[in-house]
Amino acid sequence: MNEGFTPTTDSVDKLIQEFNKLPGIGPKSAQRLAYYLLRTSDEQAKLLAEAILSVKQKTRLCSVCFNVTEADLCLICRNDQRDRSQICIVEQPQDILALEHTKIYKGLYHVLHGAISPTEGVGTDDIKIKELIERLQGGSVTEVILGTNTNLEGEQTALYLHKFISPLGIRVTRLARGLPFGTELEYADDVTLTRAIEGRQEF
Ligand SMILES: [Zn+2]
């Protein structure tokens, strides 16, 4: 956006600035969204504002797998039909959505909330690794599927986890290389993800 004079009001400017902070929203899109909301009904604007507040107030992380939930346990951890011998490790809660969409994985998950990245100062204590190791020591898990992203950070994290998990006598697999290097799971299509789950390999 141009610095200096802008023919908008403070409140519109503020809204544009807030939209501009969101991932994938550039200055033009931020303007478009702000002006869209100006034209929309009060009711619609209120619904949006309430949805944003509600997601912050009502949700928390599952006490077992760290997925997003509104109860102590998430829907997947609460589901008796899920296979408790398998845990798929992912970086972000939205990765679970992508994998669930394929409908072929029936095990549980563990969300790390990040990946090891020395360049960004993210170490092993900054993500949910300690919690994972504790979970695995329960003894009921026979396979861990490493579903971290296929970029540098995801690979580093997978290597680190493999080093810790394999001595526990648990089978460690990695999603197959149907996923191109650099892919973030949440953006992979169903077919690619299905192949990646089915073709997972010993790690
Ligand atoms: Zn859970």
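Reader: Hi! Quick one to start: is Cys77 buried or exposed?
Author: Hi! In this predicted model, Cys77 has a relative accessible area of 8%, so Cys77 counts as buried, the cut-off being under 20%.

Reader: And what about Cys65, buried or exposed?
Author: Cys65 is buried too, with a relative accessible area of 2%. Cys74 is likewise buried.

Reader: Nice. Which residues coordinate the zinc ion?
Author: Four cysteines do it through their SG atoms: Cys62, Cys65, Cys74 and Cys77, at 2.2 to 2.3 Å.

Reader: What spacing do the donors follow along the chain?
Author: They follow C-x2-C-x8-C-x2-C.

Reader: And what's the geometry of the site?
Author: The zinc site is tetrahedral, with angles of 102 to 117° among the four donor atoms.

Reader: While we're on cysteines, how many disulfides does a search of the whole structure find?
Author: Zero disulfides turn up.

Reader: OK, changing topic. How many residues does the largest nonpolar core have?
Author: The largest nonpolar core has 39 residues. Ile89, Leu99, Leu136, Val144, Leu161 and Ile165 have the most contacts inside it.

Reader: Which elements give two or more residues to this core?
Author: On the helix side, they are α4 (75-78), α5 (93-102), α6 (129-136), α7 (152-165) and α8 (190-198). The strands are β3 (83-90), β4 (107-111) and β5 (143-146).

Definitions and conventions. Residues numbered from 1 in each chain as written. Predicted model: local features only at pLDDT ≥ 70, side-chain atom pairs only at ≥ 80, totals over all residues. Heavy atoms only, no water. Donors = N, O, S within 2.8 Å, 3.2 Å for Na, K, Ca; no water. Tetrahedral: all angles 85-135°; square planar, octahedral: opposite > 155°, others 65-115°. Buried < 20%, exposed > 50% of the residue type's maximum accessible area, 1.4 Å probe, protein only. Core = buried A, V, L, I, M, F, W, Y, C linked by side-chain atoms within 4.5 Å. Helix = DSSP H or I, 4+ residues; strand = E, 2+ residues; numbered from the N terminus. Disulfide = S-S within 2.5 Å.
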